[in-house]
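Q: I would like to go through this model label by label. For each one, tell me what value stands behind it.

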Amino acid sequence: MRYIIIGGSGHVGTYMIPQLVRLGHEVVNVSRGTREPYRPDPAWKEVRHLTADRTSEEAEGTFGRKIAGLQPDVVIDMICFKPESARQMVETLHGEVQHYISCGTIWVHGPSASVPTTEEAPRRPFGEYGILKAEIESYLIDRARRAGFPATVLHPGHIVGPGWTPLNPAGHFNPQVFSRLAKGKEIVIPNLGLETVHHVHAEDVSQAFIKASQCWSTAVGNSFHVVSPVALTLRGYAEAVASWFGKETNMRFEPFETLKDKLSEQEARSTWDHIAHSPNCSIDKARRLIGYEPRYSSLEAVKESLDWMIKHNLIDVT
């Protein structure tokens with residue numbers, strides 16, 4: 001089969017594209033051509049690369065036609081961020097593709113009323129990113145069920161793996177939090193540290209996209225969570241990381257309303273986003289319908305990321 005991967009040079013594509021090649025598929029990676037894969041793999045030599053500027057080509061109405069012209073069997077779209085982008089895909093690919101799989105986000109949910117949150121829970125997104133992704137999901141699933149467009153949407157959690165800085169136990173991405181935990185120094189955690197985060201290894205996200213593409217009859221017209229088996233509380237996450245370095249966790253808790261003034265603007269925004277969402281998502285549907293079975297727990301995925309950062313001297317743990 002011919003797979004067209006839009007935005008395949010990112011973290012997930014680094015795992016997904018070589019695996020598709022090894023499965024015997026023809027793969028075309030459509031990207032801006034500005035990034036190398038996170039991990040080398042000889043399979044990349046068998047991949048066709050097509051450079052495209054999605055934003056400008058969509059504005060001209062040519063991007064969808066370019067993808068259709070590649071005569072795809074499966075299109076995996078990792079970078080669909082606006083409803084108008086999804087509409088162009090549907091309008092140009094309807095009748096031209098066997099399966100269109102779009103990358104969403106667990107942010108489509110907003111705050112949960114009960115956990116683990118299922119895919120059938122009412123959508124209450126907030127923030128531009130979550131709202132737009134929820135609109136894309138709604139549109140694609142509607143077109144699948146009403147008009148027969150073969151769409152599936154996968155919703156990853158906080159993606160981690162070698163080459164990326166993981167979301168940390170304080171709810172943002174400053175790697176110094178990990179350094180302080182490794183040294184037994186104090187870290188400040190918002191509120192009581194009982195909000196949750198839900199990581200997923202990029203390799204497991206890759207697995208989900210491939211399995212969805214292999215399960216056409218049960219995947220089309222559905223969306224699926226793609227996360228680790230269980231979420232982490234912030235304090236539980238911090239305790240685990242400190243234990244990896246043989247340290248006791250030195251945590252201080254502070255209400256976010258006062259803590260935010262001590263953080264950078266970016267850190268405060270990220271922390272609020274994560275504690276306000278506090279995701280804890282079920283993967284029962286993905287297990288049942290597409291055979292998704294994550295290899296990594298949240299902590300295993302984070303540890304692999306941290307090991308890579310330590311090896312490359314990106315954080316000081318001594």
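Q: What volume does the largest cavity have?
A: The largest cavity has a volume of about 50 Å³. The model is predicted: local features need pLDDT of at least 70, side-chain atom pairs count only at pLDDT 80 or more, and totals for chains, interfaces and linings use all residues. Residues are numbered from 1 along each chain as its sequence is written, and side-chain values use heavy atoms, with hydrogens and water left out.

Q: What makes a space a cavity and not a pocket?
A: In a cavity, on a 1 Å grid over the protein atoms alone, a 1.4 Å probe fits but cannot get out; a pocket is an open set with protein on both sides within 12 Å along at least five of seven lines. Grid points are joined across faces, edges and corners, and volume is the space filled by probe spheres set on them. Searching the whole structure gives two cavities of 30 Å³ or more.

Q: Which residues line the largest cavity?
A: The lining (residues with an atom within 4 Å of a point) of the largest cavity includes Ile106, Trp107, His109, Gly110 and Ser112. Thr117, His277, Pro279, Asn280 and Cys281 also belong to it. By class, this lining has four nonpolar, six polar and no charged residues. Here Ala, Val, Leu, Ile, Met, Phe, Trp, Tyr, Cys and Pro are nonpolar, Asp, Glu, Lys and Arg charged, and the others, Gly among them, polar.

Q: Where does the largest share of the lining of the second largest cavity come from?
A: The second largest cavity holds about 30 Å³ of space. Its lining consists of Cys80, Ser102, Cys103, Gly104, Lys133, Ile136, Glu137, Val153 and His155. Strand 5 (99-103), helix 5 (128-147) and strand 6 (151-156) each give two or more of these residues. Helix 5 gives the largest share, three residues. By class, the lining divides into four nonpolar, three polar and two charged residues. Helices (H or I, at least four residues) and strands (E, at least two) are DSSP runs, numbered from the N terminus.

Q: Why are helix 4 and helix 5 called roughly parallel?
A: Helix 4 (residues 83-93) and helix 5 pack at about 25°, with their axes 9 Å apart. Axes are fitted to C-alpha atoms, for helices over the stretch in contact, and angles run from 0 to 180 degrees between N-to-C directions. Under 35 degrees is roughly parallel, over 145 roughly antiparallel, 65 to 115 roughly perpendicular, and the rest oblique. Helix 4 and helix 5 are therefore roughly parallel.

Q: Which residues make the contact of helix 4 and helix 5?
A: Pro83, Ala86, Arg87 and Val90 of helix 4 touch Leu132, Glu135, Ile136, Tyr139, Leu140 and Arg143 of helix 5. Contact means heavy atoms within 4.5 Å. Seven of these residues are nonpolar, none polar and three charged.

Q: What makes helix 1 and helix 7 oblique to each other?
A: Helix 1 and helix 7 pack at about 50°, with their axes 8 Å apart. Helix 1 and helix 7 are therefore oblique to each other. In helix 1, His11, Val12, Tyr15, Met16, Gln19 and Leu20 take part in the contact. Their partners in helix 7 are Ala202, Glu203, Val205, Ser206, Phe209 and Ile210. By class, the contact has eight nonpolar, three polar and one charged residues.

Q: Which residues are closest to the centre of the second largest pocket?
A: The second largest pocket has about 270 Å³ of space. Of its 17 lining residues, Tyr15, Gln19, Glu203, Ser206 and Ile210 are closest to the centre. Helix 1 (11-22) and helix 7 (202-214) are the elements that give two or more residues to the lining. Helix 7 gives the largest share, seven residues. The lining of this pocket has five nonpolar, five polar and seven charged residues.

Q: Why are helix 9 and helix 13 also called oblique?
A: The axes of helix 9 (residues 234-244) and helix 13 (residues 298-311) come within 11 Å and cross at roughly 50°. Helix 9 and helix 13 are therefore oblique. Tyr237, Ala240, Val241 and Trp244 of helix 9 meet Leu299, Val302, Lys303 and Leu306 of helix 13. That contact has seven nonpolar, no polar and one charged residues.

Q: What makes the bond between Val115 and Pro116 stand out?
A: The peptide bond joining Val115 and Pro116 is cis, with omega about -5°. Pro116 sits in the loop between strand 5 and helix 5. Most peptide bonds are trans, and most residues other than glycine have a negative phi. Ser278 is not a glycine, but has a positive phi of about 45°. Ser278 lies in the loop between helix 11 (265-277) and helix 12 (284-290).
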